[in-house]
Every structure is written in structure tokens, then in C-alpha cells.
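Here is a short walk through a structure for someone meeting it for the first time. Keep the view open and follow along.

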Amino acid sequence: MAALLEVADLSAYYGPTKVLHGISFSLDEGGITTILGANGAGKTTTLRALCGMVRSVGQVTLGGEAITGLATESVAKRGVAHVPEGRGTFTRLSTEENLRLGAISRRDRDGVEADLERMYGYFPRLRERRQQQAGTLSGGEQQMLAIARALMLRPRLMLLDEPSFGLAPLIVQEMFRILRRINEEEKVSMLLVEQNAALALDLADTAYLLETGRVAMSGPAKEIVADEQVRRSYLGY
Amino acid sequence: MELFLNQVFSGLATGSIYAAVALAVVMIFLAIDHFNFAQGEMAMFSTFVCWALLDAGTPYWLAFILTIAFAFAFGVVIERVLFRPLHSAPVLSHIIAFLGLFFILNNGAGWIWDFTIKPMPSPFPEGSISGLISYHQIGMIGVVLVMLALLFVFFRFTSVGLAMRAAAQNPESARLCGISVGWMIALGWGMASAIGAVGGMLIAPVVFLEPNMMLGILLYGFAAAIVGGITNPAGAVAGGFMVGVLENLVGTYIPFVGSELKLTVALVLIVAVLMVKPSGLFGRTTVTRV
């Protein structure tokens, strides 16, 4: 498989403080890669650096095109959909308006209408709530809305930042089932950042382990999950 | 009774101008979180452009449309040149920039077109409906209502309108959706400037055209925006009409206010609302967890 995303020697800064120290990784077309790590390891920062949301240096190529240093909106227009930490809901807009915003850079009107229906197919709850103010949705519904909004872009690559955060276990399971289905049916590549390492390793095919802004370990998810130290530190058994 | 109705109607008419100015102020506030003190001067400057076009023999409604186009471009340019570089600057820098813009436009207009008072023609016929409300006043209210309806349709049903609302609400998420937030802010400035220009052109036949004509009106516009809730465009419009009527009634029925202390009413209103209900009548209270 060809690499869709290639990251080489990526460093990121918050003000003068360097928080990512030259990490490198790649993501296969159609694959799911997860980045694991403790709080403050730089997982969210990695995603934000890819989208031009923090100051960064290094090389990032998407499908062969360099996207380092591009403005956030330009990265989005190249087919990278970021489901941000905290969900990024437009709380005072309706559910449907939120979804339409995901597709706002697209010009194919009919395709957008069809995708809207498809999203309501994946997430029937969102159809029930389509005219409701998005801020009044429950946490789980808002997370589904965030994923659906990202999919409305017809992305080549989806960046998911802690999609399980603050959700009930049953809802988390349902969401991960839907993510797998989306990956298989729509061939969307995914880069997943998760605290819930067991779930993430189950969904992903490749995993990277970050420790204080550096890649500490990487490999197929199946091997990482079998690693003694990872089991003890991140999986808790 | 006739006096009362007369005052209410003329209050609604001037109120429509306050509503337009308040709406312009609210649009900029939603985009950049600051009051634009130069909003009135931008409107005044555009009104002078309209006057110059009319003076050169342009038909009224053509001049009206051209002025709106000028005001829009003017607003966009001001944002790009002056406020874009300031976007992360502290609030004081913004205030100084607003004041600078205020004086540049105020004196610039005086320098180009002279400080003498000029009569501005009205596109509406002279006379009134049985002495209660003049045709010009009806025209003012009508034009502002049409403009509001157009704005409502724009924000509610077009994708650019949706993108602008998204950019004002959650800039970071908007960028992630591929929206260029910087240009949405510039567009907001352009639209606010155009809205103000409409207000200026409509009020100029009443107050006469001169560089200081918008001073009092901007103050009422601020009062309207604060009464209605600075975060709520529809509230600001309602506030505009309310302030217009209130101003007239207080001036007529409270003897010591008269016409000299009318402007004080706006200031009293601003202070009172900020003390009693800081979010305004229709505003949202923002709660921040610390």
C-alpha cells in the first residue's frame, strides 16, 4: 500500500516551548493508525501541527503534496478532516447546519444532499435532532455530529482526537463500530489519538507510541498490543 | 393623542436608523469582539460619497446603490489594511485604531467636502399622511425593513451566510471546515459598513449632511445595541426602534429633558442597562468556567 500521509522530523512549538521533538511516521492509504501516549506526550499537538493549528517545522506530505505550514483552512480543503478535541460543535447552530458546514468547501450540491442522507443513515439520532440547536445535544450525540461533520468533507484522511472522551462505554463501542464501518465502506484513512489504548489498538492496524514529544515505539497494532511493557503501562493488565 | 402618535411614528423612523447603526456595530462586535467607534464616521463618509455622486448628476437610486458598493469595499479595505494586522493586539490598540480612524474620516470628510452643512435630498415625496408621519419617515422605515429582510435571508439561507455565522461562533472549528475566517471577518466589515451607509443616506435629509452628523446617532446606535443585547443582531434592531421611540417620548413628556438633554437619555440608558442587565434584553449571558 502507498503512504497517504508522510511525516518526517516534525517539531511543534507553543510559544517558545518545543513540545514535539522531530517525530516521523507514515499512514497507509485506507489504513487506520493510532497514536498512543500518556497525558502531555504530544498526541493532540501532533494532530494540530498537521492542520497548521500550531507553529511547526518539518515535512508533512499528503498524497505526495507538501502541506507543511499551510493555513488550517487550506489543509481542510485538501481533504483532511479534523475531529478536534472537545468536538468543536457550533453550539448555536442546528444539527443540520453543523453538517452542512462540514461540506461548505464542496461545490457538488447534489453530492452534499446525498451525503447528508448517508450521515443520517450512519447516525439515526442526528436525523431526529436535525433542527435542534447542536449545543443541546448530549455528549455522545455531539461526538457523532463531529464525526459526521468531518465526513461531510468527503475526506481522504480523518484525524480523530480522543473520540471516546467523556462518553459512556456503550456509546464508545457503538462509535468505534461505526468508525470501522466508515473505514471499510468509504476507504477513509484515519489517524486516531486515544486515551483508551485497548480500543484504539483493536481498531487500528498500525500504532505509534509517543513519550514526551518523541516516538518511543512503533509497529503493527497487533505487535504493540502484545508488548509486555505497553500492556503494563497503557492497557493495565 | 395626535402629539403622542406623532412622536411615536417619528421615533420609529429615527429608530430605524439607530437600528441600522446598531446592527452594524453588532456585526463588527460579533466578528472581532470590539465596539467600532468609527462606525458612524464610516457611514458619514459614505453619505458624502453619495452626495458627491448626486451633485455630479447621478440619479438618486443609482447613487444609492453605488454608495452601498463603495461602503462595502471601503469596509473590506479598512479591515484588511488596518485591523487585520491588529487581530491579536490588546484591546487598547483597537480603541486607539478606532479613534484614529474616527478622526481621519471626520477631518478627511471636512477637508474634501468642507465643514459647511449641506442639504441632502430625499428620494421620497414631500408631505405626510394627515400630519402624523412624513413620506420620508415611512421611506426610512421601509428601506431599513427591506434591508433587514435581505440580511435575514442572506444569513439564514445562503452558504456564505452560514459560513459567516460559523466563523463568528467558533473560528477554530470554522477553519477546520475549510472556511477562511479572515475573509469572513473582512466580509463582515464590508457588510457593516454598507448597512451604516444606508442609515447615513437615510438620516442625512433629516439632520443635514456635515462631518459631525453621525456623532449623536452613533451614541444612540450604541445604546440600541446595548439595550438589545450586543451579541444579538435581531435584538439590536429591536433596541434601535425602542430607543428611537423612548428618546422622543422622554423629550416630549418630561419637561426638563426637552431637546437639549435628549442625548443624555442615550447615555443614561447605556449606563442603566449595563448596571441592571448587562447582557441586554435579548442578549445571551456567557458563562465562563475559571
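This is a predicted model: local features need pLDDT of at least 70, side-chain atom pairs count only at pLDDT 80 or more; totals for chains, interfaces and linings use all residues.

**Starting from the sheet**

In strand β2 of chain A, Ser26(A) is the bridge partner of Glu6(A).

Widen the view to the two strands. Strand β1 (residues 3–14) of chain A pairs with β2(A) over eight bridges, in the antiparallel sense. In general, strands of a sheet pair through backbone hydrogen bonds, either parallel or antiparallel.

Now take in the whole sheet. It is open and has four strands, in the order β2-β1-β4-β5 of chain A. The pairing is antiparallel. Which strands are at the edge? They are β2 (17–28) and β5 (65–66) of chain A, and each pairs on one side only.

A helix belongs in this picture too. Helix α1 (residues 43–50) of chain A lies across β1, β2 and β4 (55–62) of chain A. Helix α1(A) runs at about 75° to β2(A).

Next, step to where the chains touch. The contact takes 17 residues from chain A and 15 residues from chain B. On the chain B side, the elements that give two or more residues are α6 (159–169) and α7 (171–176). The largest share comes from α6(B), with six residues. By class, this side of chain B has six nonpolar, six polar and three charged residues.

Chain B also carries annotations. An unreviewed UniProt entry places the feature "transmembrane region" at several spans of chain B, including residues 60–83, 95–113, 176–207 and 213–230. Look at two of these in the model. Residues 95–113 of chain B are 100% helix and 0% strand, and their end C-alpha atoms lie 27 Å apart. Residues 213–230 of chain B are 78% helix and 0% strand, with end C-alpha atoms 23 Å apart.

Finish with a pair of helices. Two packed helices are described by the angle between their axes and the distance between the axes. The axes of helix α3 (residues 60–83) and helix α8 (residues 181–207) of chain B come within 7 Å and cross at roughly 140°. That angle makes α3(B) oblique to α8(B). The crossing is right-handed.

Which residues meet here? From α3(B) they include Phe64(B), Phe72(B), Phe74(B) and Arg80(B). From α8(B) they include Trp189(B), Met191(B), Val198(B) and Met201(B). The residues of this contact divide into 17 nonpolar, five polar and two charged.

Note on methods: Residues are numbered from 1 along each chain as its sequence is written. Chains are lettered from A and ligands numbered from 1 in the order in which they are written. Axes are lines fitted to C-alpha atoms, for helices over the stretch in contact, and angles run from 0 to 180 degrees between N-to-C directions. Angles under 35 degrees count as roughly parallel, over 145 as roughly antiparallel, 65 to 115 as roughly perpendicular and the rest as oblique. A crossing is left-handed if the near helix is turned anticlockwise from the far one by less than a right angle, and right-handed if clockwise. Two residues are in contact if their C-beta atoms, placed from the backbone, lie within 7 Å. Ala, Val, Leu, Ile, Met, Phe, Trp, Tyr, Cys and Pro count as nonpolar, Asp, Glu, Lys and Arg as charged, and the others, Gly among them, as polar. Two strands pair if DSSP finds at least two bridges between them. UniProt positions are given in the numbering used here, feature names are shortened, and annotations may be inferred rather than shown by experiment.
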